[in-house]
Structure formats: structure tokens, C-alpha cells
Amino acid sequence: MDGYALRTEKLNLYYGTMHALLSVNFKVFENSITSLIGPSGCGKSTLLRCFNRMNDLIDDVRMDGTIFVKEQDMEMLDIIELRKRVGMVFQRPNPFPFSVYENLIYGLKVHDIGSRKYKQETVERCLRAVGLWEDLKDKLSSPALNLSEETKQRLCIARLLTVEPEIILLDEPCSALDPIATLRVEELMVELKKNYTILIVTHNMQQAARVSDYTGFMLLGELVEFGETSQIFTSPKDKRTEDYITGRFG
Amino acid sequence: MRINPRIVDAAAKVGLSGQAFFTVGILIVIVAIICVKGLPYVNMEFIVSSPEDMGRHGGIFSAIIGTGLLAFLSILFATPLGVGTAIFLTEYTKESAFTKMIRFGVESLAGIPSILYGLFGFIFFVIKLGMGWSLLAGVLTMTIMILPTIIRTSEEAIKSVPRNLRIVSYSLSATKWETVTKVVLPAAAPGILTGIMLSVGRAVGETAAVIFTMGSSLRLPTSLMDSGRTMAVHFYILAREGISMEKAYATALVLVFSILFINVIAYYIMNKVTSRYS
């Protein structure tokens, strides 16, 4: 492991008067998959959204503590630059109501990157990366909304890859997918790990166990335990982690 | 005593369908009368030649051009203003006393009778600003008049764009402006277009506000400062002053069919919009 891709120090977050993250010290290693598990409302999605400042879009959010992106204080980063480096895939596949091609080049258009040729090459490269090129190469001009849920989600991942992020945040990316599609997206994650750092929030403990190298367990805004996935699932140190992964609550 | 619900149900069905048929019936009767009275006088000649002898003879070419120019230029002015206002209200502000005030103003503007727009345009543009009866004065008055329609339909269209599309756009590191111009507006465009089409219909059919501001010259308007006549005004004057009922009905026929045509297009677009996000 080369170092920390993301790290927080005493991160507190409040929604109005509700204390949603309690002094979280969390880290994500480069080129690994780290998963965040925990029951609903434990703050795992909130923590995830801190890393590309999506919480900024919500009113009445207050934060203190420090977040480091590749050991750079996030405060020092421009928000546009940050979101380019730290991309996000959402729970529900959310392609724009445009064509497949328009969806894929959106990021490039926004950043005004590249010629026509570069765009076409990027589209092909990113669709290949998510295993969609063969299926979609003849359907680039058809509407993205007509695709299956799995294909849409893969397309969203491909769309993200076009802007070449360093870190990919996945917010329960498989919750709208069937088990077979889920499995294929998981394989894709492992594939992407070679070039990207992945942080995934999941409801599905088995998914965390299957794909991730490191796991953090959160409860009521607190990062209860963090460690290698095998350790968390076989010999958790905290009683609450053990109770959760053995299904005593959650 | 309780009436048998089956009877109530049957009566409701008959009553409601009767009301619906009555409404459609009135439309059919109006269009039929205009067709019967106007159709014999509508031909290519009528459409491409200019009126002569106050409209007693000749066609309505200058009125068609006048109508087209008025509608086109009003839309040209009102669309950026209206869509801009809608974007501001939906994307750039939070609900507050200020936005409520703007919305209230827009609603009030929509409720003002057109004759008042005409009087305002006459006093302000024609006299105060010295534009005289002119295409420009007509266009500016009409712009104010159709603004509420454009603002409201654009606002609805923009609001119907799912919020998660904006969030995705931000997450792909787009700014607010990029999100608005590259995601929200393209997604809302068909809805906005519907509002524009409805406004065209309004501008095409308007008389009161137009007579007072654009005047009623029969000559072909060649500059913004020329007076001109729209089909609706032409019809009104022909009928009101008993110049020629035949020509009046023929004009009405052309007018009704242009408006019908515009509405059909508007509905077509509206259907496309609603099917898009389902």
C-alpha cells in the first residue's frame, strides 16, 4: 500500500443540531477497496459525501476537523478540482436524459477537455473499462434512459471515469440491481482497483466481505472499528461490531 | 332517504359526459361557422396579395406578415427574459419573501386584462417614449403581456427536471452555471418550448393590446417604427366597421387555423416532455 488516499482527523459533522459524525478518524489506502458498513442512519453515507463535498448541497450542515486528500488538506483544494479528483457513483443509476454518447462526454464538455477525436477515444476506453463497449458501440446515439438498470449504473461509472478521477466513491451502487448484476459490478470494482482508489458504502455485509480490502464499521455517527476486512469479519475487536456482523441487530 | 348509489353513479356519468360534449360542441360549432362563412373566400390569392380599399378587396398578406413579425419579435424579447427569470427563481434563490413577491407580481401580470396592457403601451411606449404607433411599441407591449406565461411554464419545466441530475452534474465537478446550461435547460427545453408556443398563440390572437400600440396600418411594415396590422386586428376592423364580412370570416379562418396549428404543435411537444421522465 502506497499511502493514504483519504484521511480524516477528528471529523465532526452536524445537520442543524443533530450530531451526525462523531470525531471520526478514518483512512482509505491508495489502490484498495475500502467499505463502510453499518445500519441505516449510522452516518456512513454522510462520511462518504464529505470526501467530495456533496454535503455542501444540503442546507444547515456544519463541519469541523480535517480531511486530507492524498495528504493535502481539503480546505486548500478548489471544490471543482476536488470533485474532479474524487468522483462519485450514486445509489440509483442516474444517467442524464441524453444519448449514451452525450452522457459520457458530459464531464469532458464541462472541463472543455479534448478534441472530437480525444472524446471518441475516451468514450471507447471508458466503456471498455466497464465492459460495455461491445454492447453499446452501436447504440451510442440512443437514449441512455432506455438501458437496463445494470447498464445504466455501469454507464454512470464509465461517465465518471472519463474525467479521470483518482478516487471513486460508491454510495450503495448495487442496491437497485439484481444479484447477478451486483456480482458483475463487484467484479468491475476489483478490476478498477488497479488504477483507482475505491471507497464504497454498502448495506450488504456480504458485499463488503467479498470485495473490500479494508472495512470500517459505523454506528450512530461513530466509526466503531476499522481494519482489514478479514480481521473485521473474523475477529472483530469491538463487541458492537461482532453483534452487527453476526446479525444480532441492524 | 338515500338515493341508490348506482343511480347517482349513472347520472354522474351522463352529466359529466354531457358537459364534456357541450364544451367540445361549442368549439366545433365556432370552427364550423367560420369554415362555412370563410372557406369560399380563402384561396392562394387571398393569402399572398395585400388588402385594397380598406380590406374590401385583395388579400391579407400584410396582416399575415404583421402577425408573424409581432409574434416572432415578442417571443424573441420575452424568451430570454422569461426563461432567465424562471432560472433565477428556481435555481439561484431559495424560497423567501423576495421570490414570493416576484411570483405574486408574475401572477398579477398574468391576470391583467389585455386592454390594460394596450392602454399602458399606448401611454408609455407610444406617447411617453415617442415611438408612435409602431411595430416596436406593439412588440414591447406584447413582450410584457406574454412574459408571465413563459415564466410560469419555464419554471414548471425546470422544476420537473429531477434533482438528482443536478447533483450528478455537481459531482462531475460542474459549476452551477454549467449544470443549468448543460443539464437543466436541455432537459427542460421541450417544456419551455411549450410555453413559447402558447405565447405565440396569445400574440397571434391578441387585438386590444395591439390596436393601441401597433396601430392598424394596412401597409406592409418594413421597419420597427412602422405601424402595421395583425390578422386579429384586421378581422376586428373589417367586422366592426362593416367593411366586408366575407373578408372578415376568411381572415378569421386563416387565424383560427394558425392558432390550431400552433396548439397542436404545443401539445405534441408537451406529450414528448411528460413521457420523457416516466
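Here are some questions and answers about the predicted model shown above.

This is a predicted model, in which local features need pLDDT of at least 70 and side-chain atom pairs count only at pLDDT 80 or more, while totals for chains, interfaces and linings use all residues. Residues are numbered from 1 along each chain as its sequence is written, chains are lettered from A and ligands numbered from 1 in the order in which they are written, and side-chain values use heavy atoms, with hydrogens and water left out.

Q: How many helices and strands are there in chain B?
A: Let's start with the elements, where helices (H or I, at least four residues) and strands (E, at least two) are DSSP runs numbered from the N terminus. Read from that end, chain B goes α-α-β-β-α-α-α-α-α-α-α-α-α. The count for chain B is 11 helices and 2 strands.

Q: What percentage of the 278 residues of chain B count as buried?
A: Residues are called buried under 20% relative accessible area, exposed over 50% and partly exposed in between (1.4 Å probe, protein chains only). The C-alpha trace of chain B spans about 65 × 65 × 35 Å along its principal axes. Of the 278 residues of chain B, the share that counts as buried is 43%.

Q: Why is the pair of A:Phe96 and A:Tyr106 called tilted?
A: Across all chains the structure holds 14 aromatic pairs. Rings of Phe, Tyr and Trp (its six-membered ring) pair if their centres lie within 6.5 Å; planes under 30 degrees apart count as stacked, over 60 as edge-to-face and the rest as tilted. The rings of A:Phe96 and A:Tyr106 have centres 4.7 Å apart and planes at 55°, so this pair is tilted.

Q: Which residue lies over the face of A:Phe96?
A: A charge sits over a ring if NZ of Lys or CZ of Arg is within 6 Å of the ring centre and within 35 degrees of the ring normal. In chain B, B:Lys176 lies over the face of B:Tyr92, at 5.1 Å from the ring centre. For A:Phe96, the residue over the face, at 4.7 Å from the ring centre, is A:Arg159.

Q: What kind of pair do the rings of B:Phe88 and B:Phe98 form?
A: B:Phe88 is partly exposed, with a relative accessible area of 33%, and B:Phe98 is partly exposed at 43%. Their ring centres are 6.4 Å apart and their planes stand at 85°, so the pair is edge-to-face.

Q: Is B:Val210 buried or exposed?
A: B:Val210 lies in helix 9 (residues 208-213) of chain B. Not counting residues up to four places away in sequence, B:Val210 touches B:Leu70, B:Met142, B:Gly215, B:Thr230 and B:Val233, where contact means heavy atoms within 4.5 Å. With a relative accessible area of 1%, B:Val210 is buried.

Q: What distance separates the C-alpha atoms of A:Gly3 and A:Lys139?
A: A:Gly3 sits in the segment before strand 1 (4-15) of chain A, and A:Gly3 is partly exposed, with a relative accessible area of 21%. A:Gly3 and A:Lys139 are 136 residues apart along the chain, and their C-alpha atoms are separated by 40 Å.
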